[in-house]
Amino acid sequence: MNSIELKSRAKINLSIDVLGKRDDGYHLVEMIMQTIDLYDVIKIKQLDTNDVVIKSNSSHIPLDNDNIVYKAIELLRQRFNINKGIEVFIEKNIPVAAGMAGGSSNAAAVLVGLNKLWKLNLTEQELQELGLKLGADVPYCISGKTALAEGIGEKLSYIKGLPKNISILICKPNLFVSTKDVYQGLDLNNIENRPNNKLLIECLEKGDIDSLSKNMSNVLENVTSKIHKEINEIEEIMMANSALGSMMSGSGPTVFGLFDKSENALKCKDILLQQYSQVYVVSSSEKGVEICG
Ligand code: ATP
């Protein structure tokens, strides 16, 4: 075997709370993550030379050593003393810099893919420990599913997820949001509307998506929506079109809405497409990285 193809899935947040900040600058969080069926395809090919080559259909991501995929390859090459060359093609479908962990999930897919290709036999937990060196969301992206993430996002407790029959409408406005700036704009001593994660987990367990939707909260939304009025505008459009609830994912600017009727989600998608180009209707997924074929 000298090539492998994987699905690298995006996530949305059903909640985000920020509890504090570590001395090294990382924020302590308590958030619910949900993988969705929107994915990049990662094609990994062994090379005869020892080069690392990254290609993509997207012009929005770096193709040099700034790409997190490059860092994932180098991490494994150094750790296991491997000098084989690798080419990775990233077929980008997940909006970039959107609050959907696109980069982290690409890194997760490369760790899983190279583990197989190079027969490293690492367990999921070992891959997650390595992934944490690349980014706080990488361990979660390896496993996917629905999880309460604590610590800096790496302490994962798996919980019941969104039912498959709930349509998730995703809208990524065409604006740039820096995750670093959003966290810096958060006043840790003055946080309003913290999510009640215990209640949200109970709602998921009971399948009470109506209550879940009404109680979703992301403390970063206040910061991002003050700068970009589009966040609240998209939420209003979703709510006016029968969404059960609507919220910003991650540090934004992606906004999602939960719908119990797919026809309402599709109708709202058409309305949003009049103003925004990156609009998708998806469902939840129980897988993070998945090997194709
Ligand atoms: P998170 O939710 O983990 O904060 P995000 O969805 O906000 O992630 P990404 O799509 O991961 O953001 O992109 C963040 C930055 O990382 C972008 O500015 C992009 O240029 C850079 N980047 C590096 N490698 C990748 C990659 N493979 N895919 C996407 N972005 C990448």
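Since I will be quoting volumes, let me first say that a volume here is the space filled by probe spheres set on grid points, which are joined across faces, edges and corners. Please also keep in mind that this is a predicted model.

With that in place, the second largest pocket holds about 330 Å³ of space. Its lining is made up of 19 residues, and those nearest the centre are Glu192, Val219, Glu221, Asn222 and Val223. Which element gives the most to this lining? That is α8, with 5 residues, while the elements that each supply at least two residues are β8 (217–218), α8 (221–227) and β9 (245–248). By residue type, the lining of this second largest pocket divides into 6 nonpolar, 8 polar and 5 charged.

Let me now turn to the largest pocket, whose volume is about 1,300 Å³. It is lined by 43 residues, and the closest to its centre are Ala101, Ser104, Asp137, Thr179 and Ser251. Two or more residues of this lining come from each of β1 (3–21), β2 (27–47), α1 (68–79), α2 (102–117) and α5 (179–184). If you look at the domains, you will find that domain 1 (3–159) and domain 2 (167–282) each contribute at least three residues to the lining of the largest pocket. As for the kinds of residue in that lining, 20 are nonpolar, 16 are polar and 7 are charged.

Note on methods: Residues numbered from 1 in each chain as written. Predicted model: local features only at pLDDT ≥ 70, side-chain atom pairs only at ≥ 80, totals over all residues. Heavy atoms only, no water. 1 Å grid on protein atoms, 1.4 Å probe; cavity = no way out; pocket = protein on both sides within 12 Å on 5 of 7 lines; lining within 4 Å. Helix = DSSP H or I, 4+ residues; strand = E, 2+ residues; numbered from the N terminus. Nonpolar A, V, L, I, M, F, W, Y, C, P; charged D, E, K, R; others polar. Domains from an automatic or database assignment.
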